[in-house]
There are 2 protein chains.
Amino acid sequence: MSATTQSEISVRGRAAARAIRSASTDVRDAALASIAARLEADAAAILAANAQDVAAAVADGTSAALVDRLTLNGERLAALSQAVRDVAALADPVGRVIDDRRLHNGLELSKVRVPIGRVLVVYEARPNVTVDVAALCIKSGNVALLRGSASAKHTNAALSAAVRGGLADAGLPEDIVIPIEGSRDDLGELVSDASAADIVVPRGGEALKDFLLEKSRIPVLAAAGGICHVYLDRDANAEMAVAITMNAKVQRPGVCNAAETLLVHADRTDLLQPVLGALREAGVELRGDERTRAAIDFEINAATEADWDAEYLDLILAVRVVDDLDAALDHIDQHSTGHSEAIVTDSLEASRVFTDSVDSACVYVNASTRFTDGGEYGMGAEVGNSTARLHVRGPIGLEDLTTTKYVVIGTGQIRG
Amino acid sequence: MSATTQSEISVRGRAAARAIRSASTDVRDAALASIAARLEADAAAILAANAQDVAAAVADGTSAALVDRLTLNGERLAALSQAVRDVAALADPVGRVIDDRRLHNGLELSKVRVPIGRVLVVYEARPNVTVDVAALCIKSGNVALLRGSASAKHTNAALSAAVRGGLADAGLPEDIVIPIEGSRDDLGELVSDASAADIVVPRGGEALKDFLLEKSRIPVLAAAGGICHVYLDRDANAEMAVAITMNAKVQRPGVCNAAETLLVHADRTDLLQPVLGALREAGVELRGDERTRAAIDFEINAATEADWDAEYLDLILAVRVVDDLDAALDHIDQHSTGHSEAIVTDSLEASRVFTDSVDSACVYVNASTRFTDGGEYGMGAEVGNSTARLHVRGPIGLEDLTTTKYVVIGTGQIRG
């Protein structure tokens, strides 16, 4: 990307940010309604563009799963329009007063939510992200800089055109949504300029995240890989132990909130036979330590030290017997990526120690780690997920696309 | 700094972070009481160490103002102990539940404030920062990594020793406060390692901030330079116009919340004579545009384009007549660093447009920009100030040294 293009993105983005941050809730919601209508009106053009991308992907020998993620049809497009209307129906986070007090000298101080400014989202094949993220940014008064993948370029261009058309229909600048093209190198150059955007959110694999964390001078909100733990406590309920471990490992093994390691209290090795038996039947490869292997009546692989630090994202589970809750906490402290961890216990005391001590974004008692998700948390929608320790930790919702400003109203006060 | 030392800081910091984040409010407050007592008990040793630094500074020909900032005496040391006790008396931000709801499936979700972890503060001559920051970090359950300046090295060593002794007295690890030495290059190396700390806060001049923003892989919370504006609206009260402009420029011109540019509505050039007259009498060098210079009966320098982007940090003020409120907003949008801006007006409408449109950390109506300060805002103390758009914007208080985690309590829920 040439320097001119980069500084052009900065200038266009800043101008559009000023327009959208001044737009009222009603104007922003009207824009979302126009966008939903445009997506419906332009359906034929969008599906034709998508057919081009799908044909190219098939010709390239892309896997059936990826081709499916790339494919739009009438039903999926209708769901996209509906998603835009759903975002419009969410409560507006902008303008919310989160602190309000009168100071000793009579100054009225309030802390108010305002848009962050320009949100750059970098995503892979799924074209629905183009529309979802644009809608969330518009709702929260932000400019969306959308950098989709080359494999969806015709689809993304058609969707962006519809979104920009909807903005224009509502009397807002089209540049509130700016599609960004170019190579991975171009992206690296773009994010090396701190003025290009106010925040970058990667939605894609580990390689993309690492690339952005390495290159970006713009703050990156991302989730580290999820080495998530399930710990079966001395007071674990056996039925829950099976159900939660199975769900955390098997329901969708390729995602970051799936469990990778199972820890079991040394007094409860009786749980290993039913839990590991169920996992094995579901096709999970088990890798256990000595004590685990001694406690069951079938053969499993031996775990090595490397297994405690592995994010398999696959039907593989590392299993370790620990002396007690403290030993489980030590293991988690050393090996967790700070994403999601669960304890299964009937002990109030153990649940309290676990939730107090585990320093991860999401800590569960008697529930599956798979719940870490903006939709599941009742946020309505999510932009991504974060294991950062600043600004937002866990699912990134609409409110997390805002910052704050202080508004201070006086009657002539000066500082003494 | 050798790689060993760096990884040692990471290891020591992480171990101490685990200890302090598990300490109860009572334990943390007891540690602060022990520290205050130690500072009093060790007064002679601290003052002797300080005398060494002061003697070296005087021998080096350091300016009287800087020598004064460096100097401790009995009274200042007593104020430091008192400041530690004052921090202990603040409300504990840790463990505060900021969101709490039951999800449709019965999961009890709460969002709880927890310590960030390890806070690296880089500061210049003032040794009080050593104690202030240590106290704020301990109160909020964080580890403090303190990198003071070489000019205060004996004082900082003595103060750190007292603080660490106080921690030990309270049964906590001394490494909850870790003093860091070394050259500017060593600092660059340290912050290039993202695992060394969770956050960096510079407290010092522009060069230090720029250095950290350039080198750090750890998130930096800092205030950009403050090109703060005072705008005198068409409906400005003349007396307030003089008092607020004077206070914002003259009361302490060397700080980032001092005004650098005065904007005046074209219908109120009558204000220029009294406002600029008062400033001139106070020794302020004025640099005005054409219309400003035509409106007053004395000579001032002509402003150039560069003046609108200057942070003088001195008794100099740029002055411009603008057509109307919109023109003032345009000027601020182009030239502000997003720190603090004020309008003087009796118009409710103008005040509303100004506070809605100005996108700065702190926006004032009929009050001086000089109020941007954690103490003034009733936060009890501040770690620094931020114009970042993520995490915290404005004064960085105790609560801003926390992040959140989700605690989710279930009864065996799994994801469908």
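**Exercise 1. Contacts and burial of one histidine**

Task: Leaving aside neighbours within four places in sequence, find which residues B:His391 is in contact with. Then decide whether B:His391 counts as buried or exposed.

Solution. 
- Step 1. Beyond those sequence neighbours, B:His391 is in contact with A:Leu390, A:His391, B:Leu221 and B:Asp400. The model is predicted.
- Step 2. B:His391 sits in the loop between strand 14 (384–386) and strand 15 (394–396) of chain B.
- Step 3. Check a separation. B:Leu401 is ten residues from B:His391 in sequence, and their C-alpha atoms are 9.7 Å apart in space.
- Step 4. Count neighbours. B:His391 has 21 C-beta neighbours inside 10 Å. The cut-off for buried is 20 or more. Therefore B:His391 counts as buried.

**Exercise 2. The relation between the chains**

Task: Find what rotation and what shift superpose chain A on chain B. Then find which C-alpha of chain A is nearest the axis.

Solution. 
- Step 1. Superpose the copies. A rotation of 180° with 0.0 Å of shift along its axis brings chain A onto chain B, at an RMSD of 0.2 Å.
- Step 2. Locate the axis. In chain A, the nearest C-alpha is that of A:His391, 1.9 Å from the axis.
- Step 3. Compare the surfaces. Both copies use the same surface, and 100% of the contact residues of chain A recur in chain B.

**Exercise 3. The interface**

Task: State how many residues of chain A are in contact with chain B. Which element of chain A gives the most to that side?

Solution. 
- Step 1. Count the residues. 53 residues of chain A are in contact with 53 residues of chain B.
- Step 2. List the elements of chain A that give two or more residues. They are helix 1 (3–22), helix 10 (238–250), helix 14 (348–357), strand 13 (362–367) and strand 16 (402–413).
- Step 3. Pick the top contributor. Strand 16 of chain A gives the most, with eleven residues.
- Step 4. Sort by type. The side of chain A that touches chain B has 23 nonpolar, 18 polar and twelve charged residues.

**Exercise 4. A helix pair**

Task: Describe how helix 5 (residues 74–89) and helix 6 (residues 128–139) of chain B cross.

Solution. 
- Step 1. Take distance and angle. The axes of helix 5 and helix 6 of chain B come within 9 Å and cross at roughly 15°.
- Step 2. Classify. Angles under 35 degrees count as roughly parallel, so helix 5 of chain B is roughly parallel to helix 6 of chain B.
- Step 3. Assign the hand. The crossing of helix 5 and helix 6 of chain B is right-handed.
- Step 4. Sort the contact residues. They divide into eight nonpolar, one polar and two charged.

Notes:
Residues numbered from 1 in each chain as written. Chains lettered and ligands numbered in written order. Predicted model: local features only at pLDDT ≥ 70, side-chain atom pairs only at ≥ 80, totals over all residues. Axes fitted to C-alpha atoms, helices over the stretch in contact; angles between N-to-C directions. Helix = DSSP H or I, 4+ residues; strand = E, 2+ residues; numbered from the N terminus. Parallel < 35°, antiparallel > 145°, perpendicular 65-115°, else oblique. Left-handed = near helix turned anticlockwise from the far one by under 90°. Nonpolar A, V, L, I, M, F, W, Y, C, P; charged D, E, K, R; others polar. Least-squares fit on C-alpha atoms with pLDDT ≥ 70 in both. Contact = placed C-beta atoms within 7 Å. Buried ≥ 20, exposed ≤ 12 C-beta atoms within 10 Å, placed from the backbone.
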